[in-house]
Structures are given as structure tokens and as C-alpha cells.
Amino acid sequence: MSEIELIATATFGLEAVVKRELQNLGYTDINVSDGKVSFRADEKAIPRANLWLRSADRLLLKMGEFKALTFDELFEKTKALPWDDWITRDAKFTVNGKSVKSKLFSISDCQSIVKKAVVEKLKQRYAADWFEETGPESTIQVALLNDIATLTINTSGAGLHKRGYREAAGEAPLKETLAAAMIQLSYWNKDRILLDPFCGSGTIPIEAAMISRNIAPGLNRKFASEEWPIIDKNLWKEARVEAYNAIDQDTPISILASDIDHKAIAIAAENALQAGVDDCIEFSVKPLVQVKTEEKFGVVITNPPYGERIGSRKEIADIYQAMGRIFRADPTWSVYVLTPQENFESLYGTKAHRKRKLYNGNIKVDFYQYYGERPPKK
Ligand SMILES: C[S@@+](CC[C@H](N)C(=O)[O-])C[C@H]1O[C@@H](n2cnc3c(N)ncnc32)[C@H](O)[C@@H]1O
């Protein structure tokens with residue numbers, strides 16, 4: 001099997017988490033830059049990384065990278081790439097693009113040049129003038145940054161946050177990829193109790209349960225490259241079998257999830273059922289102020305309301321102050337909170353041990369981390 005280069009795209013701030021996920025999958029030749037984690041592997045990595053990556057947005061197959069200052073240059077250098085190794089005669093392919101700080105700034109022109117160049121390549125290979133485009137889908141991306149064009153094919157299709165379990169979502173749901181990253185950035189593990197007192201549609205508890213059961217996040221969905229005839233179907237089969245066999249059904253897991261809104265809890269419970277982790281999570285309808293647990297060394301990971309509605313500032317301040325009163329009472333608990341609230345620490349009542357800048361969609365947020373006492377070694 002020949003070597004290929006893949007790019008796992010990631011939201012700003014999550015590159016290191018994605019790198020660690022790839023290392024856990026056994027990949028070593030990894031390069032990190034803004035929003036991209038590139039690695040070299042063989043074709044088997046396409047099914048494996050798509051099935052297992054929890055915090056990456058998409059997995060792209062890198063076709064080439066070159067300097068392009070003119071449309072001619074873009075056309076010729078694109079045409080020289082081995083598109084015919086990956087795109088079949090009947091493939092339906094679209095091109096999307098982006099351009100940052102580059103001479104070729106017209107995205108629509110770049111897209112049509114790249115499409116023409118790929119068609120030319122296919123015409124040569126298949127000695128044909130016309131392609132039906134009735135077959136499997138491939139989305140090509142031309143991304144220009146500082147005059148360097150990177151050409152990729154999207155192997156995932158829909159974003160990897162689409163796991164297939166969350167048909168319904170409440171207000172302001174968190175992306176599954178971000179929830180998985182928050183958990184992996186914390187010191188929580190399956191021996192400790194986890195609590196999300198603002199669980200909404202259940203994303204954080206469900207992702208945590210899937211991590212502790214070692215359930216591959218992509219097991220419930222399809223990927224664009226699964227349809228590509230070029231990739232041996234057995235590779236997908238083997239990767240899925242490997243993932244099924246890896247599931248840990250037995251370890252007891254204790255996750256508490258609550259929310260003030262009974263509709264959100266009904267949705268969260270349904271989502272947990274769809275994800276196959278309903279037995280790991282205890283859901284309840286309750287306001288934060290009623291959240292209580294006698295357990296020690298627990299971990300709170302949560303995404304509280306942000307208070308975007310007019311007039312809700314006082315309400316939000318009250319909630320954040322109540323969080324401080326409740327969770328600071330027991331020094332064995334660790335608390336992780338994702339919020340854009342700049343004075344969060346003063347409302348909560350103490351400075352976080354660590355603060356990490358992240359993005360929740362377009363909203364700039366901080367991930368406040370309060371480390372409680374460590375549990376005794378077993
Ligand atoms: C930002 S959303 C959480 C979204 C969730 N992470 C998800 O992925 O769906 C905040 C949640 O806090 C809940 N909430 C608001 N005030 C609350 C309170 N006082 N006590 C408990 N839950 C509350 C809302 O119902 C909402 O579901």
C-alpha cells in the first residue's frame with residue numbers, strides 16, 4: 001500500500017488534542033499548523049481516522065501543494081497531480097475554495113480553474129470528452145494561503161461532528177467535536193464521577209460515555225470515501241470490525257447529567273439511547289441550585305448558558321455565582337467551564353488554575369480549569 005498524506009482539520013485551539021488522538025491511533029509522522037494536523041500513513045488510515053477521530057472537523061486527502069501566482073500556474077500544476085488515482089470516470093465532483101493573503105483571490109475563478117484542470121486530467125486518462133458524474137461524490141478543495149495552493153479531497157463528507165446520534169438538539173448545542181475535546185483536555189477518567197449540570201441535549205455526557213466505553217465516534221455514520229471504488233471495501237470492513245471489537249461494555253461508568261429544562265432532558269435521553277450509552281448516564285430535570293452529590297473527587301465539565309438574550313445578564317451572573325458557591329465547597333472536585341464571560345472568575349469567586357482560548361462556533365470562549373485534589377492512587 002502506498003503512502004499518502006492526510007490532513008485532519010481542527011478548530012483553532014484543538015490541534016494538540018487532534019494530534020494526541022492520532023498518536024493514540026499509532027500514527028507518528030505528524031505535523032501541526034494552524035487548524036491542520038497532517039500525517040503520513042497508508043490507505044488504511046482513511047477508514048480508521050474517520051471512524052476514530054473525536055475532535056477533528058474533517059479528514060482530507062492531500063493531493064499536492066505548490067506556489068500559484070497566476071491562473072495558468074494553478075491550472076498546470078493542478079493538472080499535473082494524480083487525480084485519476086482517486087477520482088473515477090463516473091465520479092461526481094465539486095470544488096470549493098478559500099483564499100487568504102494571496103494574489104489569486106477570486107475564489108470562484110480558482111474553483112473553476114481547478115475543476116477544468118481535473119477534468120482535463122481525467123479526459124487524458126480515460127480518453128473521453130464527456131463525464132456523466134453519476135457516481136460517488138468527491139469534494140475537492142483548493143485552499144490558497146500566502147500564494148501557496150493546497151489541493152485536497154474530503155474523505156469524510158459531512159463534518160466529523162455528525163456522529164449520527166444527535167437527531168434532536170436543544171438551545172445552543174455544543175459541537176460534538178468540541179465536547180470531546182473538552183473532556184480530553186480535562187483530568188477526568190472513567191473511575192471518577194462526571195457531572196454536567198447544564199447538559200442541554202447531552203453532548204458532553206454522551207461524548208464522555210463514548211470515550212470511556214471506547215466507542216469509535218464514527219461507527220453510526222457513513223463517510224464520503226466509503227463509496228469510492230478506489231478504496232478496497234475490505235479496509236472499511238476491517239476498520240469497522242476493529243472498532244466493534246474495541247468497545248468496552250463492562251466497566252461501570254457514572255455520569256450525572258441535569259438541566260432545568262425538561263424538554264432538553266427528554267432530547268438528551270433519546271440521544272444517549274441512540275449513541276448506545278444510556279446505561280452510563282443518569283439524567284434528571286433540576287436547576288443548578290438543587291444539584292448535590294456526596295461523592296468525592298468528582299469532575300464537572302460544563303457549558304453553562306451564555307446569556308445572549310437581552311436582560312439576562314443578571315440571571316447569568318446569579319448562575320455563575322451559584323456555581324462557585326456549590327462547587328468550591330468541596331476541594332476534591334475539579335471544575336471545567338466553557339464560557340465567553342470575561343469576568344467569569346470574579347463571579348465564580350476564584351481564579352482558574354488554567355484558562356485556554358477556544359472557539360464555540362464563532363464565539364470566542366475560554367475554557368476555565370479548576371483542579372481539585374487528586375484522588376488517592378488505587
Ligand atoms: C449552552 S446550553 C448547554 C448546551 C449543551 N452543552 C448541549 O450540547 O446541548 C445551556 C443549558 O443550560 C440550561 N440552564 C439554564 N439555566 C439553568 C439553571 N439555572 N439550572 C440548570 N440548567 C439551566 C439550559 O436549559 C440549557 O440547556
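R125 counts as partly exposed because its relative accessibility is 45%, a value between the 20% limit for buried and the 50% limit for exposed residues. The model in which this residue is described is predicted. R125 belongs to helix α4, which comprises residues 107–126. If neighbours within four places in sequence are set aside, the contacts of R125 are with D84 and D85. N220 lies 95 residues away from R125 along the chain, and the C-alpha atoms of these two residues are 36 Å apart.

K62, a residue of strand β4, has a relative accessible area of 19% and is therefore classed as buried; the limit for that class is under 20%. Its side chain forms a polar contact of 3.4 Å with the side chain of E65. Beyond the neighbours within four places in sequence, K62 is in contact with E5, I7, T150, L151 and T152.

**The sheet containing β4**

Strand β4 is part of an open sheet of seven strands, ordered β2-β3-β1-β4-β7-β6-β5, in which the pairing is mixed. The edge positions are taken by β2 (30–33) and β5 (92–100); each has a single partner strand, so one side of each lacks a neighbour in the sheet. From one strand to the next, the twist averages 30°.

In general terms, the strands of a sheet pair through backbone hydrogen bonds, in either a parallel or an antiparallel manner. The table lists antiparallel pairs of the model, with the number of bridges and one pair of facing residues for each.

| Strand pair | Bridges | Facing residues |
|---|---|---|
| β6 (residues 137–145) and β7 (residues 148–154), antiparallel | seven bridges | T139 and N154 |
| β1 and β3, antiparallel | six bridges | T9 and K36 |
| β2 and β3, antiparallel | four bridges | N31 and S38 |

Strands β2 and β3 form a hairpin, with two residues between them. Within this turn, G35 has a positive phi of about 75°.

**Helices on the sheet containing β4**

Helix α2 (residues 45–52) lies across β1 (4–9), β3 (36–41) and β4 (58–67), and its direction is at about 125° to that of β4. Helix α3 (residues 71–79) also packs on the sheet, where it touches β4, β6 and β7; the angle between the directions of α3 and β4 is about 120°.

How many residues of α2 are buried? The helix is mostly covered, and eight of its eight residues are buried. These are A45, I46, P47, R48, A49, N50, L51 and W52. The elements that cover them include the strands β1, β3 and β4, together with the helices α1 (15–24) and α7 (233–246).

**The ligand and its surroundings**

Which of the 20 residues around the ligand come nearest? They are L174, S201, T203, D259 and L288. At L174, a backbone N or O atom is 2.9 Å from an oxygen atom of the ligand. At L288, a backbone N or O atom is 2.9 Å from a nitrogen atom of the ligand. For I260, the corresponding distance from a backbone N or O atom to a ligand nitrogen atom is 3.2 Å. On its own, the ligand has 610 Å² of accessible area, of which the protein covers 87%.

Definitions and conventions
Residues numbered from 1 in each chain as written. Predicted model: local features only at pLDDT ≥ 70, side-chain atom pairs only at ≥ 80, totals over all residues. Heavy atoms only, no water. Buried < 20%, exposed > 50% of the residue type's maximum accessible area, 1.4 Å probe, protein only. Contact = heavy atoms within 4.5 Å. Pairing = 2+ DSSP bridges. Axes fitted to C-alpha atoms, helices over the stretch in contact; angles between N-to-C directions. Near = heavy atom within 4 Å. Polar contact = N/O pair within 3.5 Å; in protein donor to acceptor, adjacent residues only side chain to side chain. Areas by Shrake-Rupley, 256 points an atom, 1.4 Å probe, with all protein chains shown as cover.
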